[in-house]
Amino acid sequence: MSTARVDRRLPAWLRVAAPAGVALIGLAVWVLIVDVADAAPRMLPSPFAILEEFFTRWSIIAPDMAITGTNALVGLVAGTVLAILLAALAASARPIDGMLAPLVAALAVIPIVALTPILNTMFGASSQFGRQAVAAIAAFVPVFVNVLRGLRQTRPVQRDLLRASAASRAQTFRFLTLPTALPYLMSGIRIAASLAVISALVAEYFGGPADGIGTAIASYAKSGRAALAWAFVLGGILIGLLFFLVTSLLERLSTRRAPV
Amino acid sequence: MMTRRAAAAIWGVVGVAAVVALWELYKFLGPADGVVIGGDGSTGSGVMILPRTHDRAMPHVWEMVARLFASTSGGDTPPLWVSVLSAGGVTLGIAAAGWVIGVLVGGILAIAMQRWRLIEWGLLPWIVVSQTVPLIAFAPVVNALGGQLAREGIPWPQWLSVAVIASYLAFFPVAIGMLRGLQAPDSIHVDLLRTYAAGYGTTLRRLRLPAAVPYLLPALRLAAAAAVVGAVVAEVSIGMRGGIGRMLIQLAGQASSDPAAPWGPTFGTIALGLVAAASVALVGTGLKNYRRGEETA
Amino acid sequence: MSTAPAVRAAGVGKIFPTRTGDVVALTDVDLDVAPGEFVSLIGPSGCGKSTLLRLIADLDAATTGTLEIFGKPAATARLDQDYGMAFQQAGLLPWRTIAENIALPLEIQRVTKAERTERVAELAELVGLTDFVQRYPDQLSGGMQQRVAIARSLAARPKLLLMDEPFGALDEMTRERLQAELTRIAAETGAAVVFVTHSIPEAVFLSDRVVVMSPRPGRITTVIPTRFDRIRDEALRESTEYFAKVTEVREALHGTPATRANER
């Protein structure tokens with residue numbers, strides 16, 4: 001049993017109150033520095049100014065949010081599908097696993113957004129596809145690793161049971177391997193979702209059409225309109241939070257009866 | 001009997017060769033304007049699902065290699081690979097600095113969160129959420145702050161801003177991984193040290209830190225890769241000269257006249273990530289005994 | 001086929017190749033199990049009892065000798081679902097309810113839903129778990145999970161049950177209770193049982209014959225008949241003839257020659 005058990009001396013409501021409290025303190029310090037003490041660096045506006053810009057300029061923020069969000073979603077779906085296919089292949093054929101393992105390990109450590117200029121050249125700088133490809137590659141890695149692990153998690157006693165019940169290979173997959181791998185897939189998608197959003201956003205810095213949250217942040221920051229730039233940042237955070245919440249919920253639903 | 005390391009290396013080479021072969025094969029077979037679905041023939045319509053194959057969009061692999069040995073920007077400038085190497089070195093150094101900062105910050109946070117449950121409850125959700133904020137948002141702020149400090153006489157070179165931004169990506173895996181590692185020891189072991197009247201510091205040194213090593217090493221590797229990404233992106237958003245991020249953007253801008261050139265810094269950044277991860281792996285070899293039972297990431 | 005023995009092993013041997021050389025897990029095994037007979041395999045670690053059970057179940061293939069289940073080769077018997085198997089870990093699938101777990105072999109054999117529901121109800125009643133069929137495995141105790149595993153092994157009405165230390169992970173009280181239930185079920189269904197165990201009292205209580213095995217190489221040392229002239233109930237555990245048989249098996253395991261004649 002690990003030592004991360006519940007500390008009986010702390011009441012349970014603190015689990016929610018503590019992070020809320022930290023947020024309030026942080027906001028208070030922020031407001032103090034900016035509004036009260038007026039000691040802020042140039043590019044850090046007051047939180048109220050940011051919120052004001054966010055709501056008044058919603059009509060230009062929303063379309064950019066839609067573009068970045070769509071790129072992230074397309075990348076997430078494409079990367080997930082590709083990862084499932086390749087992981088299934090790798091789990092069933094040794095040579096494919098051998099070839100893929102070093103490639104995926106390398107992909108996991110290289111700066112994927114640095115591939116954006118190349119991809120934009122290949123697909124045309126006026127297309128969103130370069131950014132979607134970057135998001136797809138970023139999403140591919142965690143889903144592939146997790147699905148591959150999940151496909152190998154069946155226990156020997158369960159495999160013996162299916163064999164003793166004269167199950168065919170397809171039946172073993174359907175009754176045992178697939179339900180065992182599903183929670184791992186959902187975990188992978190949750191991790192991949194945040195990566196896809198960040199990658200789609202940061203990729204906009206490396207070229208492509210002049211739309212999306214990232215390019216907006218860059219251009220407004222450059223022209224000195226700090227509050228508006230941060231309002232776009234808020235838009236980006238909201239997209240990231242949305243993806244995170246939806247995929248976390250999916251993961252929670254699928255692990256209700258997880259193989260332990 | 002081949003060792004697993006040698007076998008993995010050979011498979012790696014086979015994999016790279018397969019990718020090169022796939023590239024040239026697609027270039028040979030694929031349509032010059034890519035495969036578009038749903039378009040009406042005009043540029044920018046429809047969705048391109050396979051890239052364009054003409055030489056300006058997809059150079060041959062041997063053209064990319066040859067370009068590395070040609071001069072960077074004509075005339076007396078050194079060969080491309082030299083420029084890539086030096087720019088890569090600059091970025092690597094900054095990423096290393098960012099990594100150190102991130103590891104320190106992440107480590108301190110992890111110890112504080114393990115020591116006081118209230119801090120874990122208060123900070124951990126925000127640490128997780130912090131990674132949804134695109135770090136390019138902070139680049140102008142950090143840069144402006146740095147400029148202000150420099151004007152007031154505190155030395156703050158521009159690369160330090162890049163390092164701080166890189167550390168923002170690097171601290172996260174370390175904080176999470178080390179926290180899990182510090183919480184990993186069995187209650188049996190914790191109870192044992194209590195019977196020896198060991199205080200928190202002794203328990204930390206003799207039990208929790210050694211137990212954390214199998215969790216820390218994969219986290220350090222992730223942090224190194226993250227620091228490289230952070231450094232490259234920060235260089236681009238601050239516009240720092242001398243780093244490989246800026247070279248990437250510059251040469252990409254000239255891609256229509258010099259299509260093979262952007263591949264130089266691209267290979268360079270890929271190499272950076274691999275070198276950073278390998279350096280951390282070297283750290284791991286010295287700590288073999290503590291790693292029994294480690295999960296491969 | 002009703003006169004064919006449930007299990008006929010002749011000269012069966014199994015060799016496992018390992019990096020440090022070949023391991024002879026089983027050698028020269030001759031064993032007949034009659035229909036409806038309860039036979040235990042007992043012996044120290046490495047004596048090959050689990051290996052022999054796995055060969056009968058066609059989970060591994062014998063290196064030498066012949067193995068017939070009801071007159072058919074082991075592989076055919078497996079595909080025909082002539083036997084049911086229970087393992088030491090219950091091996092329940094955690095995402096399925098108890099009812100769905102019991103029905104698993106039937107679902108694989110494509111039995112219709114109506115028939116499955118009926119059979120599951122029968123089996124749940126047989127093992128006394130009717131009230132728990134809609135629960136999940138993590139909500140049941142170890143003993144109850146093993147009862148589910150036994151119910152599952154009976155799903156296809158097999159005439160042969162193969163059990164690999166199914167009660168090994170349970171406490172003594174639960175063990176004794178489940179042993180009584182197993183005897184009753186075996187008698188009611190008329191199935192032959194091959195039962196691997198570490199426990200001498202368990203082997204003697206349950207079986208008609210106890211097969212004593214020894215390791216290095218794995219082989220059958222002796223076979224001790226343990227049929228009693230009475231029903232196997234709790235009172236049996238306190239009778240002198242029971243203790244005498246337990247002593248006989250123990251001496252056979254320790255290698256001390258027993259003073260009584262043994263049937264080989």
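Helices (H or I, at least four residues) and strands (E, at least two) are DSSP runs, which I number from the N terminus. I work on a predicted model, in which local features need pLDDT of at least 70, side-chain atom pairs count only at pLDDT 80 or more, and totals for chains, interfaces and linings use all residues. Residues are numbered from 1 along each chain as its sequence is written, and chains are lettered from A and ligands numbered from 1 in the order in which they are written.

**Entry 1: chain C overall**

I looked up the elements of chain C and found 8 helices and 10 strands. The C-alpha trace of chain C spans about 55 × 45 × 40 Å along its principal axes. I then checked the radius of gyration (taken over C-alpha atoms; the globule rule is 2.2 Å times the number of residues to the power 0.38). For 264 residues a compact globule would have a value near 18 Å, and chain C agrees with 18 Å.

**Entry 2: the open sheet of chain C**

I took two strands as paired if DSSP finds at least two bridges between them. I found 6 strands of chain C in an open sheet with mixed pairing, in the order β6-β7-β8-β3-β9-β10. β6 (83–86) and β10 of chain C are at the edges with a single partner strand each, so one side of each has no neighbour in the sheet. From one strand to the next the twist averages 15°, with axes as lines fitted to C-alpha atoms (for helices over the stretch in contact) and angles from 0 to 180 degrees between N-to-C directions.

Next I read the pairings of β9(C). Strand β3 (residues 38–42) of chain C pairs with β9(C) in the parallel sense over 4 bridges, and C:Ile42 has C:Val212 as its bridge partner in β9(C). Helix α8 (residues 240–254) of chain C packs on the sheet and touches β3, β9 and β10 of chain C, where contact means that C-beta atoms, placed from the backbone, lie within 7 Å. The direction of α8(C) makes about 165° with that of β10(C).

β9 (residues 209–214) and β10 (residues 219–225) of chain C are antiparallel over 6 bridges. C:Ser214 is bridged to C:Arg219 in β10(C). The hairpin of β9(C) and β10(C) has 4 residues between the strands, and C:Arg216 in that hairpin takes a positive phi near 50°.

**Entry 3: β1, β4 and β5 of chain C**

I followed β1 (residues 7–18) of chain C to β4 (residues 64–69) of chain C; the two pair in the antiparallel sense over 5 bridges. C:Val7 stands opposite C:Ile69 in β4(C). C:Ile69 also has C:Lys72 as its bridge partner in β5(C). β4(C) and β5(C) form a hairpin with 2 residues between them, and C:Phe70 in the turn has a positive phi of about 50°.

**Entry 4: a helix pair in chain A**

I looked up α6 (residues 129–151) and α8 (residues 169–203) of chain A, which pack at about 160° with axes 7 Å apart. α6(A) and α8(A) are therefore roughly antiparallel (under 35 degrees counts as roughly parallel, over 145 as roughly antiparallel, 65 to 115 as roughly perpendicular and the rest as oblique).

**Entry 5: chain A against chain B**

I read that 57 residues of chain A are in contact with 60 residues of chain B. Elements giving two or more residues to the chain A side include α1 (14–36), α4 (94–109) and α10 (226–254) of chain A. α4(A) gives the most, with 9 residues.

Key
Contact = placed C-beta atoms within 7 Å.
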